[in-house]
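This report describes selected local features of one protein structure. Please look over the sequence and the model before reading on.

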Amino acid sequence: MAIRQLSETLINQIAAGEVIERPASAAKELIENALDAGATRIEIATSGGGKALLRVSDNGSGMDAADLELAVRRHCTSKISDTLDDIRTLGFRGEALPSIGSVARLSIASRKRDSAGGHEIAVAGGKIVHLRPAAANPGTIVEVRDLFFATPARLKFLKTEKAEAGAITEIVKRMAIAFPAVRFVLSGSDRTTLEFPATGDDHLARMAQVLGKEFRDNAIALDAVREDIALTGFTGVPTFNRGNSAHQYAFVNGRPVQDKLILSAIRGAYAETIPSGRYPVAVLSIALDPALVDVNVHPAKSDVRFRDPGLVRGLIVGAIREALARDGSRAATTGASDMLRAFRPGFQPYAQRPPAPWPAETSPSRPYQPAGFGERPQAAFDGLSMPTARAEPQPAPQPAAPEPAARYPLGAARAQIHANYIVAQTEDGLVIVDQHAAHERLVFEAMRKALHSKRLASQVLLIPEIVDIPEEDCDRLMLHAAEFSELGLAIERFGPGAIAVRETPAMLGEVDAHGLIRQLADEIAEWDTASGLSAKLEYVAATMACHGSVRSGRRLRPEEMNALLREMEVTPGSGQCNHGRPTYIELKLSDIERLFGRS
């Protein structure tokens with residue numbers, strides 16, 4: 001078959017298949033163009049989930065007639081020079097507008113800020129319909145109608161209008177987080193209006209607009225630098241988590257990305273602090289020299305490739321863990337909200353029902369204990385007698401000695417209920433602590449510290465295990481041999497394509513050496529890191545801590561309860577147990593007063 005040159009329209013349609021996958025892809029490209037034009041106000045309107053109409057209006061620098069004619073041609077752009085090593089804009093391919101114009105009805109009206117009038121160009125199915133003067137405000141308005149009318153087969157692969165509208169909303173949210181100084185408005189006949197007012201340099205305020213005001217109260221600031229790569233942003237406390245990873249946002253040099261390396265690093269940083277199936281909330285911004293990252297990996301520009309992925313992953317994991325150790329022990333404010341909802345009055349007011357008689361066996365010398373409580377009341381309440389109508393003088397209660405421990409963050413222990421929960425009083429509220437979960441975390445952190453403070457004990461194999469793996473995997477493993485040795489795993493090269501395992505960590509007991517070595521080799525090949533063995537050891541330590549901690553049902557003396565509280569205050573990660581469940585819930589005095597209608 002003879003080779004022939006494809007037509008310009010077919011070339012653009014093929015490019016559209018790569019760049020414009022759905023209406024949200026078109027919205028992303030148009031918003032990026034507006035941001036690159038210096039817009040401070042961007043309005044997006046949709047209809048039919050973006051399939052019938054997608055309009056993006058901005059107050060950017062605008063274009064003249066010559067610019068409009070070039071803008072709808074392939075590979076015409078003002079955003080890069082003659083090299084891809086220094087890309088500092090969101091768009092640079094010059095394919096978005098011609099690709100959209102080849103599969104939809106496209107019109108662009110634009111006016112430069114210093115121009116007396118504007119111009120409009122229309123494209124349908126890849127052909128320019130007209131280019132003429134038009135009335136326009138400074139900036140640009142791009143309208144995309146009947147998306148994929150020229151390629152009807154693509155319409156079959158689109159989802160429902162509601163799903164497509166939701167995808168556009170997600171794109172706008174990501175752009176809004178990345179550019180807090182820009183005002184975004186999303187409206188249309190298929191949605192309720194969504195507006196993100198500009199917040200200037202207050203990134204956390206913009207994140208609260210997108211992620212909810214609860215994120216502001218549960219966020220921990222990140223600010224770390226390693227070898228000229230800077231990481232900033234905010235991450236949530238471990239007990240503030242979600243059911244999927246949709247609330248994890250990553251930006252590289254201001255570009256929203258969905259990179260598996262970054263998502264894996266977030267997951268690794270929160271290991272042993274979040275329950276299985278739950279995901280942390282995080283917004284990470286990475287800034288580095290454009291020459292150290294390749295943003296030209298995918299036509300949609302959602303993926304990037306770092307020159308040193310191990311360095312970036314280490315920076316993210318280290319920064320998040322340091323932040324959690326510094327400020328991650330506090331409980332999420334959502335715990336108090338859930339508690340307040342559980343305290344809704346569900347009984348009939350006393351004035352509207354007859355008083356229940358006291359049980360016959362109750363007497364002033366034998367306090368009443370409600371049915372269903374299998375434990376004796378706290379000693380502090382043993383001296384209370386039943387209500388009586390006799391007007392006898394009652395002894396004045398002795399004032400309690402001031403408890404200096406109330407000045408501590410977790411307060412002073414006041415009671416233990418159901419032999420598992422410690423109730424502590426703070427200066428401005430109360431704290432309820434799960435004694436087993438809390439002590440489990442304390443034991444685990446002590447064991448984890450021991451894991452990393454010295455070489456772990458190992459067990460010498462009577463006969464070394466020989467594991468046959470590809471030669472390149474052997475090379476990768478031997479680069480980490482010293483690291484493995486500190487964890488109790490001693491390996492040696494055994495010919496060109498085999499590894500000899502001579503010692504294994506004693507903590508792991510009987511080990512499948514073949515499976516362990518292959519798993520480590522796969523991990524190093526994919527992530528250029530060998531943290532799998534350390535994770536296994538920490539998992540064993542977590543299991544041991546669970547069985548070695550204070551059990552539920554054990555009565556604690558006041559000094560034991562206070563000692564547990566004091567140790568929690570100085571232990572990193574004590575706000576959640578090894579399984580990711582919260583170890584305590586805090587209720588402010590203002591919340592208690594609101595329950596009783598006092599405020």
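Buried means under 20% relative accessible area, exposed means over 50%, and partly exposed lies in between, with a 1.4 Å probe and protein chains only. In a regular strand, side chains alternate between the two faces of the sheet. Strands and helices here are DSSP runs numbered from the N terminus, with at least two residues (E) for a strand and at least four (H or I) for a helix.

S20 pairs with strand S19 (residues 421–426) in the antiparallel sense over six bridges; two strands pair if DSSP finds at least two bridges between them. A hairpin of two residues joins S19 to S20, and Tyr421 has Asp434 in S20 as its bridge partner. S20 is also joined to strand S24 (residues 584–588) by five bridges, and these two strands run antiparallel. Val431 stands opposite Glu586 in S24.

## Basis of the model

The model is predicted: local features need pLDDT of at least 70 and side-chain atom pairs count only at pLDDT 80 or more, while totals for chains, interfaces and linings use all residues. Residues are numbered from 1 along each chain as its sequence is written, and side-chain values use heavy atoms, with hydrogens and water left out.

## A five-stranded sheet

Five strands form an open sheet in the order S9-S10-S15-S12-S13, with mixed pairing. Its edge strands, S9 (219–226) and S13 (255–257), each pair on one side only. On average, neighbouring strands of this sheet are turned by 20° against each other, direction ignored.

S9 and strand S10 (residues 229–236) run antiparallel and are joined by eight bridges. Val225 stands opposite Ala230 in S10. The loop between S9 and S10 holds Asp228, whose phi is near 70°, a positive value in a residue other than glycine. Asp228 is exposed, with a relative accessible area of 68%.

## Helices H6 and H7

The axes of helix H6 (residues 161–178) and helix H7 (residues 203–211) come within 9 Å and cross at roughly 165°. Axes are lines fitted to C-alpha atoms, for helices over the stretch in contact, and angles run from 0 to 180 degrees between N-to-C directions. The crossing angle therefore makes H6 roughly antiparallel to H7; angles over 145 degrees count as roughly antiparallel, under 35 as roughly parallel, 65 to 115 as roughly perpendicular and the rest as oblique.

Lys173, Ala176 and Ile177 in H6 meet His203, Arg206, Met207 and Val210 in H7, where contact means heavy atoms within 4.5 Å.

## Two loop residues

Phe148 lies in the loop between strand S6 (139–145) and helix H5 (152–155). Its phi is near 70°, a positive value in a residue other than glycine. Most residues other than glycine have a negative phi. Phe148 is buried, with a relative accessible area of 0%.

Ala457 is in the loop between helix H12 (435–453) and strand S21 (458–468) and is exposed, with a relative accessible area of 57%. Ala457 touches Pro505 and Ala506, not counting residues up to four places away in sequence. From C-alpha to C-alpha, Ala457 and Gly488 are 5.9 Å apart in space, and they are 31 residues apart in sequence.
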